[in-house]
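Please examine the sequence and the structure shown below before reading on.

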Amino acid sequence: MADKQSHLNGAYYGPTTIPPAEQPHHRPQRQRTCCCCLFGILWKILVVLIVLVGLAILIFWLILQPRSFNFHVTEADLTQFEYNTNNNTLHYNMVINFTARNPNKKLSIYYDKVEALAYYEDARFSNYDVITHLNSFRQYTKSSSPMSAVFSGHQVLTLDNEQISELNQDKSDGVYDIYVKLYFRIRFRLGDYISGNFKPKVKCDLKVPMANNGTLTFFQTTKCDVDY
């Protein structure tokens, strides 16, 4: 009896269920690896394309050797430049002759529009349409073309005391500091290909002498700055 009780009092461990071990998930790692490979391939293709485009542009530039046109003021005829302090009106009469040169060997230039603006003491007093669609033209390679701007009339111009003093000094010297800005609309032509519109600006700082008794004084040819 005692043997049976001792046998019954012993610890009893029944069958237990062992959960299965979790299997590692490899799919996300495979997806990340594929994305990295695809990104690397696309990056290499992009680098190759950039290099090829850069080489094409360099070869095209070496063959074509494009140059900006040159612009000079060759003559300035100023016969009137009088300022009336009573009504702040400037009366003026001035003709400026320009020369535009195309230095390119393979590019010709279409001048579609050129507008000239004249300034004195940072104040604009006149403008003139040098080239319009009526007189637009094509400038061939290695050639020069004359242009002219006529500024004539009167304009209300408010000048302070310092600017009036500068004007009187210019009148005493017989030479006026006049600033001319030109706005271009041009196109380039290479063979049968014609480019889109370019809009460079030309800036000319001029010292224009006043004509004495109908005789023109000496004007030094001035090179202007071209800014694309």
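The model is predicted: local features need pLDDT of at least 70, side-chain atom pairs count only at pLDDT 80 or more, and totals for chains, interfaces and linings use all residues. Residues are numbered from 1 along each chain as its sequence is written, and side-chain values use heavy atoms, with hydrogens and water left out.

**Secondary structure and sheet**

The protein chain contains 3 helices and 11 strands. Helices (H or I, at least four residues) and strands (E, at least two) are DSSP runs, numbered from the N terminus. From that terminus on, the order of elements is α-α-β-β-β-β-β-β-α-β-β-β-β-β.

Strands of a sheet pair through backbone hydrogen bonds, either parallel or antiparallel. Here an open sheet of 4 strands has the order 6-2-1-10, with antiparallel pairing; two strands pair if DSSP finds at least two bridges between them. Strand 6 (143-156) and strand 10 (222-223) are the edge strands, each pairing on one side only. Strand 1 (residues 70-84) is joined to strand 10 by 2 bridges, and His72 stands opposite Lys223 in strand 10.

**The disulfide**

A search of the whole structure finds 1 disulfide, a pair of cysteine sulfur atoms within 2.5 Å. Cys204 lies in strand 9 (residues 201-209) and Cys224 in the loop between strand 10 and strand 11 (225-227), so the pair ties together parts that are 20 residues apart in sequence. Both Cys204 and Cys224 are buried, where buried means under 20% relative accessible area, exposed over 50%, and partly exposed in between (1.4 Å probe, protein chains only).

| Property of the Cys204 and Cys224 disulfide | Value |
|---|---|
| S to S distance | 2.0 Å |
| Torsion about the S-S bond | about 115° |

The disulfide is right-handed because of this torsion of about 115°.

**The nonpolar core**

Of the 228 residues of the protein chain, 30% count as buried. The largest nonpolar core has 45 residues; such a core is a set of buried Ala, Val, Leu, Ile, Met, Phe, Trp, Tyr and Cys residues joined through side-chain atoms within 4.5 Å. Strand 7 (175-190) gives the most to this core, with 7 residues. Phe71, Phe81, Phe125, Ile178, Leu182 and Phe184 touch the most other members.
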